[in-house]
Amino acid sequence: MGGSKWLKAKMALGLRLNSCLYVPRTVEDSPPPAAAAAASLSPTPPRDSDRRVKMPTTPTPSSSGLLPPKHSFKSSKKICAICLETMKPGQGHAIFTAECSHSFHFHCIASNVEHGKQTCPVCRANWKEIPVQNPVANKSYTRPLPQNDIMRRIPSPQIHVNRQVAPLFHSPQEPILFNDDDEVVNNQSTTAPNSNKIHDDHFTGAVQVQTFPEVSAVPKSKPHNNFSILVHLKAPTTTALQQHSPQTSRAPVDLVTVLDVSGSMAGTKLALLKRAMGFVIQNLGPSDRLSVIAFSSTARRLFPLRKMTDSGRNEAIQAVNSLSSNGGTNIAEGLKKGAKVLIECKWKNPIRSIILLSDGQDTYANRSSSDHQSLLPESVSGLHIPVHAFGFGVDHDAVLMHSISENSGGTFSFIEAENVIQDAFAQCIGGILSVVVQELKVEIECIDSLLKLVSVKSGSYKTVVESDKRKGSIEVGDLYAEEERDFLVTTDIPICEFTEEMLLLKVRCVYKHPMNSATNNCESVVGIQRPLVTGPVVVSMEVDRQRNRLRSAEAMEQAKTAAERGDLTFAVSVLENCRRNLSETVSARAGDRLCAALDAELREMQERMASRQVYETSGRAYVLSGLSSHCWQRATARGDSTDSTSLVHAYQTQSMVDMVHLSQTMPLGIPPSASGPAVRPVRARSFNARPQPR
């Protein structure tokens, strides 16, 4: 009888511990359904045969937490579940034991409570009393005091129908000025805390500039109007460090994430967002700084710009872990507070970016669709701080999010499937963490006195052509490592009977390196032959493929305009005509990968314009994300673009591919050092031109 009771007690205790503790598993492990249902945000989720994460499709009661992924739990009695350090009497730390019998370091649980958590981090039991740090003596106590009590009674919940629900995350009262950021050391660089991290690289070489004429020769006696010249740029590459060398490491980053935690983010969405933020936090270096803004009906800064050292990461994870969802969607307030962090900070890192995520319509914006720019603080566009916007799910305002990113110089990504949010973030920070060129400006000048510029096609980049049409410039800004840019310049070639060769353009690039701010420049000159008679005309493959890219982007824009006015039939026909013309070009007949990718993307857009419902649900966001990618020549996430089997991989760099690969293969909750060296997969599928000198 006694044995039977003891067996039942052990079984009950085992079930209880299984529901409370996180035991790390390898990718190959297959947890039983009961354990999987009770898994928190930190354990590794199940994966399919391609090792991709299978995210939950329905909310689970325990899917609201992140744990600092450093060590596995050995015992809930001996290990603090927050900092994951041992708890032993006499080590100088007070120990707090909650009413549910779980124990923690007092300063750890007090900090957790300060960020809004009122439940046990282990078993999720609701507490009637919570620990509070003594603000006067700044000491930890384990018993109530007559004054400055550290145990605060939580009032019983009362229902007030007309009262707005207050957010559950609480941070210390925000200062008037956001100048409480962590100090930045001049000329500091950052290396990843683990030597095998994929962004532990240094940058070599200079910007490459090459020019390619449409054809190599034009007869002396014949003019050639709208003659195309391709200007091709490629940023320096990265070389893995053989030794740790701060002088050759990448430039540190200031990153502000502005996150929607409105009521529509409840459940799986918020859980997946926390996981994605955990990945971002773990892949920032100790000199990178992060600040998190959470917004719903109002916006709140969870913490100032903090260096992502070990302690900084723990603080960031606790803050993200404290997020809960309720209220409306006030994107303007979130952006305003995010901009305030970067504008008023006392110290500045050379690379500065904002990531904005929202899943719904702005319920506080009383503006026309043409006035979306007013949501973007002027200071952001004035300081050239890009806002990379992510539309989450099918209910977000794609037009608004695209407008915000477009006006700030950032990109717009469409996260259609909820479980790819981490991959989308990974691709974005893979680029941000690899900036090698800043303030890049391309200067174009006609050499021959008879030439004038007809057009400079540069997408969304600011372009100026002087009144005499002899000079022009393109403001490119930042480039990620190995990023490429292609600009098509047109001019009219006149009759010229007195020379065998005509020099057309001089292209000069001026830019700065983010580590030392030194000004660098490089240039290229392009010319053509002017014989009496030319042989068969051979069109440059590089020029032809960039024409295809520009024509496809123009067709996408035309189709979007038609779809917005309700003429989906015409929109589909525009895309179909573009595909047909594309298939007849020189580069398409040669099997060019860019042409194949463009055709696949155009076909996908046709399918997403099959009906008004399909277009409203996903078509509009997919097209806008594609336009954002092509206009900036920078990778965005849309559809299955982060899947290695997808054809839509335009503009991905190796740093982006590596980071996405890490996101898809690294067990969640385990830092890169625990999962072995980062594996470099196949080369990035960048569909920009990779021309060779002629």
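The model is predicted, so local features need pLDDT of at least 70 and side-chain atom pairs count only at pLDDT 80 or more, whereas totals for chains, interfaces and linings use all residues. Residues are numbered from 1 along each chain as its sequence is written, and side-chain values use heavy atoms, with hydrogens and water left out.

With a relative accessible area of 4%, Thr329 is buried (buried means under 20%, exposed over 50% and partly exposed in between, for a 1.4 Å probe and protein chains only). Not counting residues up to four places away in sequence, Thr329 touches, with heavy atoms within 4.5 Å, a set of residues including Asp260, Phe295, Gly360 and Tyr364. Ser262 is also among them, and its side chain is joined to that of Thr329 by a polar contact of 3.3 Å (a pair of N or O atoms within 3.5 Å, one able to donate a hydrogen and the other to accept it, with residues adjacent in sequence counting only if both atoms are side-chain atoms).

Most residues other than glycine have a negative phi. Lys469, although not a glycine, has a positive phi of about 60 degrees; Lys469 lies in the loop between strand 17 (462-465) and strand 18 (471-480) and is partly exposed, with a relative accessible area of 37%.

Gln633 likewise has a positive phi, near 55 degrees, and belongs to the loop between helix 14 (612-632) and helix 15 (654-665). Gln633 counts as buried, at 2% relative accessibility.

Definitions and conventions:
Helix = DSSP H or I, 4+ residues; strand = E, 2+ residues; numbered from the N terminus.
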